[in-house]
Every structure is written in C-alpha cells, then in structure tokens.
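Hi,

Here is the structure I promised to pass on.

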Amino acid sequence: MAHKKGSGSSRNGRDSKGRRLGIKIYGNQYVKSGYIIVRQRGTKHFPGKNIGIGKDHTLYAIKDGFVCFKKTKNDRSVVSILEKK
C-alpha cells in the first residue's frame, strides 16, 4: 500500500524564534550604568573603557556616559563609554 499524504503542510511549521541580537544603543547616545549596548554571539564588538562583557558576550555599560564605537588598526570594533564632564 502506498503511503501518500494528502495535500497538506502538516509536516512544516517548526522554526525557532529570533534571538534579538545586535546593537541596542548606537554611538553618541547617553546610557546609564547597566544598560545593554550590544547583544552578540562571539566578540564581533570588543569591550573598551567603562564597558563590561557578559558570559554570552553581551556588552553593557559600567558607568554613565556616551557610547562611542571605534575601529582599531587591526579592524576591530571597540565600544567605549565616554564619561560626562
């Protein structure tokens, strides 16, 4: 006997939800300590001054100030917080 399904899509429909990764706060925006700046898998952006890094590579602010994204000479993206004066 042939085992043919009817013309339905009952085998489809399994997909995981998006992880909501990426930059949450952009350059020159003011942040308070504890704010999440970047959610990422691996270190696409590296922590600079006044930035902490979580075990899932999330970058967050340690102090209040303005976010600054910079490229280093070896083409790394470094995120820092410039304190308010």
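**What I found**

Arg41 sits in the loop that links β3 (36-39) to β4 (45-47). Helices here are DSSP runs of H or I with at least four residues, strands are runs of E with at least two, and both are numbered from the N terminus. Arg41 is exposed, with a relative accessible area of 55%. For that wording, buried means under 20% relative accessible area, exposed means over 50%, and partly exposed is in between (1.4 Å probe, protein chains only).

Before going on, a word on where this comes from. It is a predicted model, in which local features need pLDDT of at least 70 and side-chain atom pairs count only at pLDDT 80 or more, while totals for chains, interfaces and linings use all residues. Residues are numbered from 1 along each chain as its sequence is written, and side-chain values use heavy atoms, with hydrogens and water left out.

**Overall make-up**

The protein has 0 helices and 8 strands, so the pattern along the sequence reads β-β-β-β-β-β-β-β. Of its 85 residues, 24% count as buried.

**The four-stranded sheet**

Four strands make an open sheet in the order β1-β3-β6-β5, paired antiparallel. At the edges are β1 (22-23) and β5 (51-53), each with a single partner strand, so one side of each has no neighbour in the sheet. Two strands are said to pair if DSSP finds at least two bridges between them. In general, strands of a sheet pair through backbone hydrogen bonds, either parallel or antiparallel. Between β5 and β6 (residues 59-61) there are 3 bridges, and the two run antiparallel. In that pairing, Ile53 faces Leu59 of β6.

**β2, β7 and β8**

Strand β2 (residues 30-31) is joined to β7 by 2 bridges, again antiparallel. β7 also pairs with β8, in the antiparallel sense over 6 bridges. Phe66, which belongs to strand β7 (residues 65-71), is worth a click in the viewer. Tyr30 stands opposite Phe66, and Phe66 in turn stands opposite Leu82 in β8. These residues turn up again at the surface: Tyr30, Phe66 and Leu82 form a nonpolar patch with about 270 Å² of accessible area together. Phe66 itself is partly exposed, at 32% relative accessibility.

**Charges**

Back to Arg41, which is one of the residues in a positive surface patch, along with Lys17, Arg19, Arg20 and Lys24. Patches are built from residues with over 30% relative accessible area and no salt bridge; like charges are joined within 9 Å and nonpolar side chains (Val, Leu, Ile, Met, Phe, Trp, Tyr) within 5 Å. The areas come from the Shrake-Rupley method with a 1.4 Å probe, and for residues only the protein chains shown count as cover. Lys and Arg count as positive and Asp and Glu as negative, with His and the chain ends not counted. Each charge is placed at NZ of Lys, CZ of Arg, CG of Asp or CD of Glu.

How many salt bridges does the structure hold? There are 2, where a salt bridge is a side-chain nitrogen of Lys or Arg within 4 Å of a carboxyl oxygen of Asp or Glu.

- Asp56 and Arg39 meet at 3.6 Å, N to O. Asp56 is in the loop between β5 and β6 and Arg39 is in strand β3, so the pair ties together parts 17 residues apart in sequence. Asp56 is partly exposed at 33%, and Arg39 is partly exposed at 30%.
- Glu83 and Lys63 meet at 3.8 Å, N to O. Glu83 is in the segment after β8 (77-82) and Lys63 is in the loop between β6 and β7, so this pair ties together parts 20 residues apart in sequence. Glu83 is partly exposed at 41%, and Lys63 is partly exposed at 38%.

**Positive phi angles**

Most residues other than glycine have a negative phi. Here are some residues with a positive one.

- Asn28 has a positive phi of about 65°. Asn28 lies in the loop between β1 and β2 and is exposed, at 69% relative accessibility.
- Asn50 also has a positive phi, near 65°. Asn50 is in the loop between β4 and β5, and is buried at 13%.
- Asp75 takes a positive phi near 65° in the hairpin of β7 and β8, which has 5 residues between the strands.

Cheers
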